[in-house]
Amino acid sequence: MSEAKKILIVDDEQDIVETLKFMLEAEGYECFCAYDGENGLTLAKEIIPDLMILDVMMPKINGYKISRLLKYDTKYKDIPIIMVTARSQEEDKLIGQETGVNEYITKPFELDDIIKKVKEYLEK
Amino acid sequence: MSKVLIVGDDEKVNKIIETTLTNSAIETLSLSDEDDVLKSIENNHISLIIADAGAKNIDTSILCRKLKSYTHLENILVLALISPDRDNLDILKTTNAYIQKPVNEKILMATVNSCLKMKKSLDILSQNNSELAKSLYQLDVLYNTSAQFAGSLDKQKLINFLIDGLDKSLSFSLSYTLVFNSEDKIDLIINSLNGISQRLEHSLKMRAILSYKALFDKKEIPYQIDVDDINVIKNIKHPLEEYDLNILKFDNLFAPIKVGEKFFGLIEVFRDTEFTQEDTTCFQTLARQVSLPLENAALYEEIKNTNTKLEKLERLKSEFTSIVSHELRTPLTAIKNSLDIMLSGKTGEVTPAMNKFLDMAKRNVTRLSGIINDLLDLTKVEAGKMDFRFEKGSINSPVVFVKNTFENLAKEKNITLLTKIDQSLPETYIDTQRLEQVITNLVSNAVKFTNENGKILITTETIPAFAIEKEKLFDVENPVFYDTYVKVSVKDSGIGIAQEDIPKVFDKFQQIENSLSRKNGGTGLGLPIAKQLIEAHHGYIWVESEINCGTTFSFIIPVLNEKEKFELDLSEAIQKSKNSNILLLKIKENTTAYPSVSRALKENKISIIRKTTNTKEVFYEENNENCIMAFIPEADKFAQNFIEKKIESFTTGAETGSEKYDILYSTVLFPDDGNNAQDLLKKADELLKRGQNE
């Protein structure tokens, strides 16, 4: 069996990160966590994950900015990004698309939905 | 006393005239040299000149012409003495009267007398004229200043217009205006021809305060005032020269300035010449006239402040909702995720009892997030912030979609769910997703409140406006109706709603007190949301019900054609626009000149607008006329110019390379060109027609 795929979860809500991490690890993925935008960005560049789950509203650097910074860098532009947010306004989705976000999921989400999306990107 | 100048070289004739006139107590003066004539006329207040046309060294007609060329001499009359044997027509053109030589004393006296009478009338006339001209000028200033007053809602500007108007009509030397903008902001505006000395400035301050206090006599003054509080604004025309205290000895006029009935300030003007009665009237009129516009300005300011406050409140409200929703959703997600993990069995075995309660927790979390979503929806649609995607379509498709979703649930409860669909239903403008939301809500209510073996029927049909039972539409002020509607009804055989509860059905958080409804849960927001969504479609929703027999919810949506929909959208945008302008464009392909240009051009016309603006636009094509109408919310004069230039460059071929198109267009701006959709459209049409005729 090949090495486990790496997933980076960036969210300032520790509880959300915990539950996501638990479910994804149960699915056999290796999970890394960051609790603010700055750390998330550093970690992303360090470990180059196979996929990122990103919250929008975070201290220091918000999710859109991280997404933009990564997507305009050839080294990281291929990392799929799933954006998670409590906001559901249409314009937020538009910003998400402009900054290169691959998927957009609104809170409260079904864990099953996220796992389904993750599998779509990592096991095709 | 009249004075007559006699001009001629015949001493004898002069003598006769002199004697005759002197006998009648008329002063005379005789001259025989042309050079002396004009000078002596100016110095001696001459009323009449008797000129001998036969004089050798004086040309009478040249003298007359010279006289006419001076405005202050043009009223002097000329009586010509002519010989019957000579051709004198030329002289008669320029003189006022003539007598023939030899001079007959009686005729001379009669003519001179009538000339002098005429001169007297002329003088009175011209004096009246010049007074009239002055009055006219003052009236003109009054009129212009009033017009300026009417055009402004800015207090500062109004006061400036007043001072400016007074300056023009009175040509004052100095004016000061004391203005109470607020308790702590008191301005003294000094407008002066010359500069003012230090001590004059101080005296003016003191004088202003004294005048202010004098206005109220012994009554209580509205504002307390101190010399140091006064902020002096000086406008000096010629700073090199300086006025000193002596200006206070000049003639002066004084008036209070009121805002409506309330005191606002006062104005005093000084002039080195005396003010006439007309000047005083003009001064008082202007000072009085500024009162009403000042009051309007004050009201406007108040309204603006209230509006700003309201807007702030509105913003706070929507921020609040957004924050609340964010803050609520995040913990909800954590709870839900935790429950999901436990329920999945990955944290260890779940006993049936554990499963039951975990499931209960999860069900309630789901319900809570439903409430949050409903709340958000309602706030959004109420604030007009919900984005609708209206497209032409049949209302049958959301109905069929909802029926399919509920089929299983109905079967479980053993309820018959039927539809009666009118396949020939006309298409209209609908947001399919939002209507699905409405119909889902209605059907889900029907399922909830219908017992086993009950029946639910969903019907769609076309209905003309006159067939609508308007008394059933409650809570609608001044309903407007279109010709045709599509109607959807959801009829159930459920528990029904009591008559007294029917008016409350669409109120927020209004769940009718009923054990069954409590048991059935729900947020109490579904129907108010449905009502708002239907109203956004320009439709109406209502309910009919009878206890224990069943309930029927019905809604209607107007069948609109493209034009009606466009006009509705435009009116709505106008209603919503607070600070921004709306630009309306009408572009017409001039088919008589270029019959072959068709589809490509249409696409280009749209792209002209799309490329030039990044705001949302709404389009409407009048196919039979090859017209495209569009409006752009949040436009401005700059956008208007930009689009016009773009169209021009396109029509001249600069944009498209070699091709040239013959396009007519008109642009109108709200609110500059009209206050409502009808006026704007009419104006756009007018401008387009004018362009066509040119």
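Guide: The discussion below takes up chain A and then chain B.

Guide: This is a predicted model, in which local features need pLDDT of at least 70 and side-chain atom pairs count only at pLDDT 80 or more, while totals for chains, interfaces and linings use all residues. Residues are numbered from 1 along each chain as its sequence is written, and chains are lettered from A and ligands numbered from 1 in the order in which they are written.

Visitor: How many helices and strands are there in chain A?

Guide: Helices (H or I, at least four residues) and strands (E, at least two) are DSSP runs, numbered from the N terminus. Chain A has five helices and five strands, and from the N terminus its elements run β-α-β-α-β-α-β-α-β-α.

Visitor: In what order do the five strands of the open sheet in chain A stand?

Guide: Two strands pair if DSSP finds at least two bridges between them. In chain A the order is β2-β1-β3-β4-β5, with parallel pairing. The edges are held by β2 (30–34) and β5 (103–106) of chain A; each has a single partner strand, so one side of each lacks a neighbour in the sheet. From one strand to the next the twist averages 20°; for such angles, axes are lines fitted to C-alpha atoms, for helices over the stretch in contact, and angles run from 0 to 180 degrees between N-to-C directions. Strand β1 (residues 6–10) of chain A is joined to β2(A) by five bridges in the parallel sense, and A:K6 has A:E30 of β2(A) as its bridge partner.

Visitor: Which strands of chain A does helix α1 lie across?

Guide: Helix α1 (residues 14–26) of chain A lies across β1, β2 and β3 (51–55) of chain A, and runs at about 170° to β2(A). Helix α3 (residues 63–71) of chain A also packs on the sheet, where it touches β3 and β4 (81–85) of chain A.

Visitor: Why does A:I47 count as exposed?

Guide: A residue is buried if 20 or more other C-beta atoms lie within 10 Å of its own, exposed if 12 or fewer, and partly exposed in between, with C-beta atoms placed from the backbone. A:I47, located in helix α2 (residues 37–47) of chain A, counts as exposed because it has 12 C-beta neighbours inside 10 Å. Two residues are in contact if their C-beta atoms, placed from the backbone, lie within 7 Å. Neighbours within four places in sequence aside, A:I47 contacts A:K6, A:L8 and A:F32. Of the 124 residues of chain A, 36% count as buried.

Visitor: Where does α11(B) bend?

Guide: The bend at a residue is the angle between axes fitted to the seven residues ending there and the seven starting there. For α11(B) the bend is about 40°, at B:F406. The buried residues of this helix, α11(B), are B:P398, B:V399, B:V402 and B:A410. Their cover includes β12 (416–420), α12 (432–448), β14 (455–464) and β15 (484–492) of chain B.

Visitor: At what angle do the axes of α11(B) and α12(B) cross?

Guide: They cross at roughly 35° and come within 9 Å. Among the residues making the contact are B:F406 of α11(B) and B:I439 of α12(B).

Visitor: How many residues lie between β9(B) and β10(B) in their hairpin?

Guide: Two residues lie between them, and B:G260 in the turn has a positive phi of about 65°. Strands β9 (residues 251–259) and β10 (residues 262–271) of chain B pair in the antiparallel sense over nine bridges, with B:F254 opposite B:E268 in β10(B).
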